[in-house]
Amino acid sequence: MENTHSSCHDASKSNSHSSGAKLSADPNAIYTCPMHPEVRQVGPGSCPKCGMGLEPLIADDSENEELKDMTKRFWLAALFTVPLFIISMGDLLPGQPISKLLSPKFKIYLELLLATPVCLYSVWPFYVRGIDSIIRKSLNMFTLIGIGVSVAFIYSLIATLLPGLFPVSFKDSTGHVAVYFEAAGVIVTLILLGQVLELRARDQTGEAIKKLLGLAAKTAKRILDNGDEEDIPLEDVQLNDKLRVRPGEKVPVDGIVVEGKSNVDESMISGEPIPVEKKVGSLVVGATVNGTGSFVMEAQKIGADTLLSRIIHMVAEAQRSKAPIQKLADIVSGYFVPIVILIAVATFFTWAKFGPEPSMAYAIINSVAVLIIACPCALGLATPMSIMVSTGRAASMGVLFKNAEAIEVLRKVNTLVVDKTGTLTEGRPELVTIQPEDSFNKESFISLVASLEKGSEHPLAEAIVRGAEKLSIDLKAVESFNSVTGKGVIGVVEGKTVALGNKALMNDEGVEFKHAIENAENFRKEGQTVMFVSIDKKFAGLIGVADPIKKTSKEAIVELHKEGLEIVMLTGDSKTTAEAVASSLGIDKVVAEVLPEQKVEVVNRLQSEGNTVAMAGDGINDAPALAKAHVGIAMGTGTDVAMESAGVTLVKGDLRGIVRARKLSRATMANIKQNLFFAFIYNAAGVPIAAGLLFPFFEILLSPMIAAAAMSFSSVSVIANSLRLRATKI
């Protein structure tokens, strides 16, 4: 039951090409098991748990070596198995044509000749994986296939070459020992066909990542120091390089526009078809498509740091993660194979002792049928295949799931906690109110305030500084700058002590400001965030900043209400401002004036009331609450810390993505349950029929060939059902 890098690597040294997997173009690519994502190693091989061929963690366009190998083995098996089947079963036709053409002895030797390449060469990877599973004491589907095929073939081989070793009970009415070369051959061929179909279908689950990889630009046009331009491969782009993006070209990496303007199609990250205007100072994202204009950009994020690379990595990790529901399948699979082997042994002895003549032949054929039909491949694939397709589908809609658990839990959420700034609003506040006291000059007042805020990184501070710059106000140097958490900032500008913040800060400074409270409340009712200003401990005036509500927020709240969610807005802003925003959007509850550390307490309280809580936010101060919630939802327009703490990321920060993600969550879980039902029912019904339970009542037996076909079909049907998620209407 090992799952370390080294154990998996050791298992694959001798069979990395024949039994696993897809060779990535990157020699250092990490490979993982589709059924056991915790198994990882550098390079291809076989999983030490289930024996399946490992595949690259991040899909690419390189050739699937396992599919190529299995296809070759399948066609060779089919070439020999078709005549083998005709020779063996031909006497079922009227007139017994085969017996007229071939003597019984020649017929058996011809069957041996045709079955040997199938049962030695074509099935070889299954033998290797089966033996490996026994050595590792981790029995799996290849254990059952290896035992089943080898028993049928070796028994038939001995019956052909040394028939005198067998007692009378093994012989039919003509005195010959029955052979089952055709059963072994057809089993191998059908299982190989199932493997080929399964590998092709599994390839399709990686289409989302392949499409994302295909979006990236291949080259960039770098501007040299002397003004010349050169085309370079994308991987040669360095930080701070100046790059020209011409009309119709893809933006090579993430960066900022430093010259020119254009409209850029950002549908690959937002899903919105309307191009976005870009001018000097605008951020651009790699792989988006430039319109008719031309611009020069400065590279700010390259390689693995670009948004596209991070999206690809997040999708790949999510696709390989385990949903909690899969624990049930893992537990069942862990006990299933040993139980099946015991059932097969019991079947053999029961038929040998109580079965009709030739009883030993019945014993072997029915025990082989039990081994073959019981392969738990469909059970193991039921959850991972749905998760892979679902996360790929979500990525195409601008929703990134960090793991499978987020997909499973999201559909149960009944309470959504949303941060205000950057989540419901644009996160780019604007200075709208400057109201100094009569004793202060307006220009001097805003100069002192903006100079103080230049030392702060808060979005409201940035809005004040931008507003002052628009008014062409000169900013001065600041001394003794101090940020008071949850209250505001204090500093010395031109020898004056300037304080800007909330009522608590004014009280701390001993400033008399009661006459301004009513005026401040009026501004807050308009949705402004209002701050009090004191200069040398004397009240100096009010500063009001408004953060425009996102155009999509109201529609998102309406859709979330239709989903039955209660919306709670959580903000450090004043109660009046928060209620003004909440009222305009139709939000159910408001919790205002909370400090960053109190956000976790609010989420915890809602959870203790029995709610399944999702938290949506975008800032570093939201990260603890995002991690505490049952599902954290980060705005892709926010901080990296928020995205790392969250289970879901909305690439463009559009709350409507939560509705899409929730619908996809429901569809995915329904799909997984369908897959598990099919796999459980198939195995539960198939094993007793193969063991001969119906024979005493209806004289019905299940041929190992039919068992092999059914086993292959079950795996392919599970994958086909999972692929339906790509077309599910969301």
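Biologist: Which residues gather in a patch of positive charge on the surface?

Modeller: In this predicted model, the patch of positive charge is formed by Lys261, Lys279, Arg428 and Lys470.

Biologist: What makes Arg428 exposed, and where is the place of Arg428?

Modeller: Exposed means over 50% relative accessible area. Arg428 has 53% relative accessibility, so Arg428 counts as exposed. The place of Arg428 is the loop that runs between helix H15 (420-424) and strand S14 (430-436).

Biologist: Happy with that one! Which residues form the nonpolar patch on the surface?

Modeller: That patch is made of Tyr109, Ile154, Ile158, Leu161, Leu162 and Leu165, and together they have about 560 Å² of accessible area. Helix H6 (residues 141-161) gives the most to the nonpolar patch, namely three residues.

Biologist: Let's turn to salt bridges. How many does the rule count?

Modeller: The count comes to 18 salt bridges.

Biologist: How do you know that the side chains of Lys221 and Asp231 meet in a salt bridge?

Modeller: The rule asks for a side-chain nitrogen of Lys or Arg within 4 Å of a carboxyl oxygen of Asp or Glu. For Lys221 and Asp231 the N to O distance is 3.1 Å, and the pair is a salt bridge. Lys221 belongs to strand S4 (residues 219-223) and Asp231 to strand S5 (residues 229-233), so this pair ties together parts that are ten residues apart in sequence.

Biologist: Are these two partners buried or exposed?

Modeller: Buried means under 20%. Lys221, at 11% relative accessibility, therefore counts as buried, whereas Asp231 is exposed, with a relative accessible area of 54%.

Biologist: What makes Glu230 and Arg222 a salt bridge?

Modeller: Their side chains meet at 3.0 Å, N to O, and the cut-off is within 4 Å. Glu230 counts as partly exposed because its relative accessibility is 28%. Arg222, at 18%, counts as buried.

Biologist: And which residue does Glu249 form a salt bridge with?

Modeller: Glu249 forms a salt bridge with Arg246, and their closest N and O atoms are 3.0 Å apart. Glu249 has 24% relative accessibility and counts as partly exposed; Arg246 is also partly exposed, with a relative accessible area of 36%. Elsewhere, salt bridges that share partners join Arg222, Glu230 and Asp241 into one network.

Biologist: Now the cysteines, please. How many disulfides does the rule count?

Modeller: The count comes to zero disulfides. The rule would need a pair of cysteine sulfur atoms within 2.5 Å.

Biologist: Why are Cys47 and Cys119 called buried?

Modeller: The limit for buried is under 20%. Cys47 has 2% relative accessibility, so Cys47 counts as buried. Cys119 has 0% and likewise counts as buried.

Biologist: How far apart in space are Leu655 and Glu555?

Modeller: From C-alpha to C-alpha, Leu655 and Glu555 are 8.9 Å apart in space, while in sequence they are 100 residues apart.

Methods
Residues are numbered from 1 along each chain as its sequence is written. This is a predicted model: local features need pLDDT of at least 70, side-chain atom pairs count only at pLDDT 80 or more; totals for chains, interfaces and linings use all residues. Side-chain values use heavy atoms; hydrogens and water are left out. Buried means under 20% relative accessible area, exposed over 50%, partly exposed in between (1.4 Å probe, protein chains only). Patches are made of residues with over 30% relative accessible area and no salt bridge: like charges are joined within 9 Å, nonpolar side chains (Val, Leu, Ile, Met, Phe, Trp, Tyr) within 5 Å. Accessible areas come from the Shrake-Rupley method with a 1.4 Å probe; for residues, only the protein chains shown count as cover. Lys and Arg count as positive and Asp and Glu as negative; His and the chain ends are not counted. The place of a charge is taken as NZ of Lys, CZ of Arg, CG of Asp or CD of Glu. Helices (H or I, at least four residues) and strands (E, at least two) are DSSP runs, numbered from the N terminus.
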